[in-house]
Amino acid sequence: MLKHYLSKLIACLVLICLTGMALQAQPNATVVVNAPANVAGNYDAIQAVFGPGITAAITANVVEAVDTAGLTKVCDSIATDLTGAIALVDRGACAFVTKVLNAQTKGAIGVIVCNSNQNVPTQAITMGGTE
């Protein structure tokens, strides 16, 4: 399942909200994927308009987050242990802030939200909301 989500990175701009990321609303970040080789590369990203600022690069494993209902939109409590990881979640069904807070509660140091909107799969959007 994780391989499926990592392959989505090739087809879309990644929305990213790392714990500690700056309050900015334009494409201004890069996600560097080191492995697996078939999705390795640099991907443009946009930072969320909520959360604290980041001052340095963050490196961690990406882990697919799954909630207690078995969904990757993580609108409910997350079942996956995300301690020290960057959570990979799907867009939709609930607020971005909910997704990020759920991931932080399970120990994630950051969150990548895949744009799963099939009408505009490569359009970067700003993750809005308030904490």
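So, Val63 stands opposite Ala87 in S5. Strands here are DSSP runs of E, at least two residues, and helices are runs of H or I, at least four, numbered from the N terminus. Keep in mind that this is a predicted model: local features need pLDDT of at least 70, side-chain atom pairs count only at pLDDT 80 or more, and totals for chains, interfaces and linings use all residues. Residues are numbered from 1 along each chain as its sequence is written, and side-chain values use heavy atoms, with hydrogens and water left out.

Back to the strands. S4, residues 62–64, pairs with S5 in the parallel sense over 3 bridges; to count as paired, two strands need at least two DSSP bridges between them. On to S6: S5 and S6 also run parallel, over 5 bridges, and Ile86 has Gly110 as its bridge partner there.

Now, how many residues of S5 are buried? 5 of the 5, so S5 is largely enclosed by the rest of the structure. Buried means under 20% relative accessible area, with a 1.4 Å probe and protein chains only. Ile86, Leu88 and Asp90 cover one side, Ala87 and Val89 the other.

Last, the core. A nonpolar core is a set of buried Ala, Val, Leu, Ile, Met, Phe, Trp, Tyr and Cys residues joined through side-chain atoms within 4.5 Å. The largest one has 16 residues, and Ala87 and Ala103 are among those with the most contacts inside it. S5, H2 and S6 each give two or more residues to this core, and H2 gives the most, with 4.

Conventions:
Buried < 20%, exposed > 50% of the residue type's maximum accessible area, 1.4 Å probe, protein only.
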